[in-house]
Amino acid sequence: MLDFNHRGLLAAVRPSAQKPAADSKLVEELQFLNEGRVEMDSAFGSELDGRLYTSLSGLSNESLVTPADRFYIRTRASQILPKPESWAISLDGLVAAPQKLKIADLQTAAKPLGLHLMECAGNTRAAHFGMISVGDWAGVPISEILSRAKAKSSATQVLVSGFDRYVANSVTSTPGASWIFPLAELAKSGAFLATQLNSMPLTRDHGAPVRLVIPNWYGCACIKWVDQISFLDDSAASTSQMLEYATRTHQVGAPSVAKDFLPARIEHAAMPIRVEKWLVNEKLKYRVVGILWGGNGAIQSLGIRFNPEEDFVLVDSLPSPQTAPWTIWSHTWNPKAPGRYTIRLALLKPELHPKRLDSGYYARSVEIIDV
């Protein structure tokens, strides 16, 4: 199944995708070092302390969409979340006339809106970077909601709030599911009120009956359990959620006024998701498989290195232009000696320097025993 081209490079295909060739054998997939011992692909905890971390190691070009029951969760539903049948969204603030959006009307108006990636701004190595997923969404474009509101001329900001009352106190999070967006920015962002994930109604843990999705923005801004949309002016104070995530969304300090917040967009990022050990023609070879996501515009060249003293070299296989929410790449690797190696990526063409990628935030380490 591993094909070599004229340069002796491994083809970028998941090993299980096709029948292995007679002269190649997958020996094992290496474990990444210094990462958390956490449960993957299964929800645990409750309310603000509830989580689900998505395992990325099995990603392939044939399985780019995350199953809904494995889509990451940063906060689970409140135990006192109202029943969806009576749900309505208040549309108020600096508008000509406040109104209510009934959930039944939103569900009726929902339409397919494509594949979109979501990542928690607090995605960490301790969670195997498992707070990132891709879903196939359906809902109502937020631009349609904003236009029907008939905002006053003084309205420059939009507050989107979600139900945020819980039975238990949290040891990890601050209640307050809300974010304030510049009106013009939100209108052109491609954001939508989602009612379905992967052709099924949202579950409670994923924001049912309705959540906000903003393509290419961190999940902290993609408010779940939306029950209020308010039009505000430039004096609006930053919400508790904005302040909690100020550092993780690369703000300059923690602005007290919402209009001073930068958009919480996901910059270009890349990381390995598995390292395979192969026996090919009786020789050991390693293959690094990873993902590239975020940012705007295609990346022509991705660099990889395994030691800090090395220069970045071109990744063997990187589809370009990238057309999916995340792109799978691969690289053949022949380590010269046993030892620990730290795998880092860089954007070479165009040469870009996103904060997290350049800082080594997504670097992952492995132990090589056999060469």
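**Notes on the predicted model**

1. The lining of the largest cavity comprises 14 nonpolar, seven polar and five charged residues. In this division, Ala, Val, Leu, Ile, Met, Phe, Trp, Tyr, Cys and Pro count as nonpolar, Asp, Glu, Lys and Arg as charged, and the others, Gly among them, as polar. The model is predicted: local features need pLDDT of at least 70 and side-chain atom pairs count only at pLDDT 80 or more, whereas totals for chains, interfaces and linings use all residues. Residues are numbered from 1 along each chain as its sequence is written, and side-chain values use heavy atoms, with hydrogens and water left out.

2. The largest cavity holds about 350 Å³ of space, and 26 residues line it, with Arg74, Thr75, Gly219, Lys224 and Gln241 nearest its centre. Four cavities of 30 Å³ or more are present in the structure. A cavity is a set of points, on a 1 Å grid over the protein atoms alone, where a 1.4 Å probe fits but cannot get out; lining residues have an atom within 4 Å of a point. Grid points are joined across faces, edges and corners, and a volume is the space filled by probe spheres set on the points.

3. Strands (E, at least two residues) and helices (H or I, at least four) are DSSP runs, numbered from the N terminus. Most peptide bonds are trans, and most residues other than glycine have a negative phi.

4. Which residues other than glycine have a positive phi near or about 55°? Lys150 has a phi near 55° and lies in the loop between α2 (142-148) and β6 (157-162). Trp225 has a phi of about 55° and is found in the loop between β10 (211-213) and β11 (226-232). Lys150 is exposed, at a relative accessible area of 60%, whereas Trp225 is buried, at 3%. Buried denotes under 20% relative accessible area and exposed over 50%, with partly exposed in between (1.4 Å probe, protein chains only).

5. Across the whole structure, 13 aromatic pairs are found. Phe71 and Tyr72 form a stacked pair, since their ring centres are 5.9 Å apart and their planes lie at 15°. Rings of Phe, Tyr and Trp (its six-membered ring) pair if their centres lie within 6.5 Å; planes under 30 degrees apart count as stacked, over 60 as edge-to-face and the rest as tilted.

6. The rings of Tyr286 and Trp333 make a tilted pair, with centres 6.0 Å apart and planes at 55°. Because Tyr286 is in strand β13 (residues 283-293) and Trp333 in strand β16, this pair ties together parts 47 residues apart in sequence. Tyr286 is buried at 2% relative accessibility, and Trp333 is buried with a relative accessible area of 6%.

7. Arginine side chains also sit over aromatic rings. Arg248 is over the face of Tyr245, 4.2 Å from the ring centre, and Arg364 is over the face of Phe32, 4.0 Å from the ring centre. The criterion requires NZ of Lys or CZ of Arg within 6 Å of the ring centre and within 35 degrees of the ring normal.

Note on methods
1 Å grid on protein atoms, 1.4 Å probe; cavity = no way out; pocket = protein on both sides within 12 Å on 5 of 7 lines; lining within 4 Å.
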